[in-house]
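Have a look at the fold before reading on.

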Amino acid sequence: MSAELQLQSIINPESTARVDTGTNLVILNHLSQMKMFGIRQGIEFYPEQDDDKGSRKTFIDQVWEYNELDVYQDRIWELALCTGQLLVYYRPNQEGLYTISFFPREDFKVEYNTDNKIELAMIRYWYWESQGISAMRQKKWIRLIITKDRIYQEDYNVGVKPSWDIAFGGISRREMENSLGFVPCRVIRVNPLGPGQNGVGEFDPFMNHIDNLNDDEDAIKENLQFFGNPILMATRSPNEILELASTKSVNLSRAHTITMESGWGAPELGMGSTAKSMPRHLKTGANLRIKKVVGNIQADERFGFVSPPPVAAEQRRHVVETREALHFALGGIDEIGIHTNATAYEMKVIYGKVATTALKKAKCIYTYGLCRAFEDMIAAEEALFKKTLASALQIPPEEMTDDAIRRFLENNMGEVPPGVYGLPPVGKRKVSWRWTGPVFEDSPDDLQKRSIVVRNLQELGVPSLEALNVMFPDKTRKEKEGMLAEAIVTGK
């Protein structure tokens with residue numbers, strides 16, 4: 001199977017098997033490495049600024065858990081890396097949260113304005129429709145056309161896949177108001193060629209090399225199957241040793257050959273044996289097993305077994321070097337090429353290349369993708385808060401500025417009237433992310449050495465807050481300030 005077909009089987013949403021049956025594992029190994037170092041033990045999103053109640057952080061956590069994004073992290077990485085582009089679509093729901101959906105490159109199309117913002121987005125997806133318990137399911141398509149003001153949902157006939165033509169071609173169309181005031185979509189781009197250009201799939205530039213590696217590995221597999229069993233060399237002709245497949249009865253004139261007397265036969269092909277017991281045999285005549293000891297050799301017969309090496313050393317070395325070169329070009333490593341007696345420190349150094357590559361992809365997926373989506377959600381929730389608060393206080397919406405809201409919350413101890421929804425504005429809406437745990441856990445010796453470095457930095461005059469970056473690199477500045485404040489209060 002070609003590398004392109006393997007790639008399609010991985011990213012195909014209709015595929016029931018996530019692992020392809022092809023012999024080439026470069027694609028799957030690289031995806032596994034990127035996911036392992038890109039997701040690690042999990043991802044956590046947090047706002048750079050928040051109020052005393054942690055309203056923004058609570059909102060982000062609720063959206064994350066509602067959509068069960070932890071479960072779909074592997075799928076997000078597969079779609080983003082394999083196709084180069086992934087669309088994130090988010091809409092408010094009745095629970096006061098947002099429903100997030102992901103669409104691969106072939107199922108969306110976007111148009112931008114002069115400010116490089118999405119002006120129009122078209123999305124298509126399918127679902128199974130059943131007419132009854134005993135009826136067969138039917139695959140139906142839906143197309144969404146989204147602008148900053150309106151959302152159009154189009155239903156299509158069974159088996160009709162919507163095109164990107166803006167003209168309506170379905171069986172029904174519904175029009176809805178877009179209350180958000182902007183197109184709630186974000187495009188995740190991996191390996192873009194330039195500003196404003198589309199992303200490129202991780203394996204697209206190397207597809208020919210992967211195909212060549214597939215051919216080499218298929219040739220090795222055929223050699224292993226063909227030369228894996230010993231080959232019989234005899235003075236008898238092949239027709240005498242192995243009866244013709246068209247023969248339906250035992251040829252008694254050859255009953256005393258070295259093969260027939262030793263119990264070699266193929267009853268499923270109509271070829272019998274004169275021996276009293278039959279040895280095990282395979283399904284095809286070309287792969288029949290021969291007994292280790294062959295008796296009753298005639299005077300004019302000569303035979304012997306030949307066991308040639310299935311795979312030449314140069315052939316195997318060429319495949320290994322090609323696989324390692326592909327992993328190196330992709331930004332990963334070939335784990336088979338790692339020396340088995342490498343120490344734990346050497347393993348971390350070797351995998352540093354993988355970690356660096358995965359960090360670049362993680363910035364594309366999280367920093368410029370999901371984080372921007374959460375920022376849009378927070379902006380929409382702040383606009384909803386202003387609108388509902390102005391309505392509750394019966395004042396014009398244009399008078400409901402950020403400073404006015406801040407003064408109102410300070411005067412009312414953070415309490416809001418009934419009927420007010422959304423999030424209060426508290427400054428910049430920037431959302432960041434971090435890993436919840438490393439790939440390689442630190443040993444007690446690593447933690448001790450790190451704490452020694454922190455003490456040495458403090459003795460040299462480095463502020464404690466900056467020195468704690470060595471000990472806790474993933475904690476936010478606010479969290480580290482809280483740790484120092486608690487240490488001062490407790491006297492530790």
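At what angle do the axes of helix H5 and helix H7 cross? Before getting to that, a word on the model.

## What we're looking at

This is a predicted model, with local features requiring pLDDT of at least 70, side-chain atom pairs counting only at pLDDT 80 or more, and totals for chains, interfaces and linings using all residues. Residues are numbered from 1 along each chain as its sequence is written, and side-chain values use heavy atoms, with hydrogens and water left out.

Helices (H or I, at least four residues) and strands (E, at least two) are DSSP runs, numbered from the N terminus.

## H5 against H7

Back to the question: H5 (residues 207-227) and H7 (residues 313-330) cross at roughly 150°, and their axes come within 10 Å. Axes here are lines fitted to C-alpha atoms, for helices over the stretch in contact, and angles run from 0 to 180 degrees between N-to-C directions. H5 and H7 are therefore roughly antiparallel to each other; the label goes to angles over 145 degrees, while under 35 counts as roughly parallel, 65 to 115 as roughly perpendicular and the rest as oblique.

The crossing of H5 and H7 is left-handed, meaning the near helix is turned anticlockwise from the far one by less than a right angle (clockwise would be right-handed). On the H5 side, the contact (heavy atoms within 4.5 Å) is made by His 209, Ile 210, Leu 213, Asp 216, Glu 217, Ala 219, Ile 220 and Asn 223. H7 brings Gln 315, His 318, Val 319, Thr 322, Arg 323 and Leu 326. Sorted by class, that contact has six nonpolar, five polar and three charged residues. For the classes, Ala, Val, Leu, Ile, Met, Phe, Trp, Tyr, Cys and Pro count as nonpolar, Asp, Glu, Lys and Arg as charged, and the others, Gly among them, as polar.

## H7 also meets H2

H7 packs with H2 too, at an angle of about 40° and with the axes 11 Å apart. H2 and H7 are therefore oblique to each other, and their crossing is right-handed. Val 26, Asn 29 and His 30 in H2 meet Arg 323, Leu 326, His 327 and Leu 330 in H7. By class, the contact of H2 with H7 has three nonpolar, three polar and one charged residues.

H2 has another link worth a look. The side chains of Lys 35 and Glu 78 meet in a salt bridge at 3.0 Å, N to O. That pair ties together distant parts of the chain, with Lys 35 in helix H2 (residues 26-39) and Glu 78 in helix H4 (residues 73-83), 43 residues apart. Searching the whole structure turns up 20 salt bridges, each a side-chain nitrogen of Lys or Arg within 4 Å of a carboxyl oxygen of Asp or Glu.

Three strands make an open sheet in the order S3-S2-S9, with antiparallel pairing; two strands pair if DSSP finds at least two bridges between them. S3 (98-104) and S9 (185-189) are the edge strands with a single partner each, so one side of each is left without a neighbour in the sheet. From one strand to the next, the twist averages 20°.

Seven bridges join S2 (residues 85-92) to S3, and Leu 86 has Pro 104 in S3 as its bridge partner. H4 packs on this sheet, touching S2 and S3, with its direction at about 135° to that of S2. Helix H9 (residues 352-393) packs on the sheet as well, touching S2, S3 and S9, and its direction makes about 170° with that of S9.

## H9 and H10

The axes of H9 and H10 (residues 402-411) come within 12 Å and cross at roughly 60°, in a left-handed crossing. Phe 385, Lys 386, Leu 389 and Leu 393 of H9 make the contact with Asp 402, Ile 405, Phe 408 and Leu 409 of H10. Those residues divide into six nonpolar, no polar and two charged.
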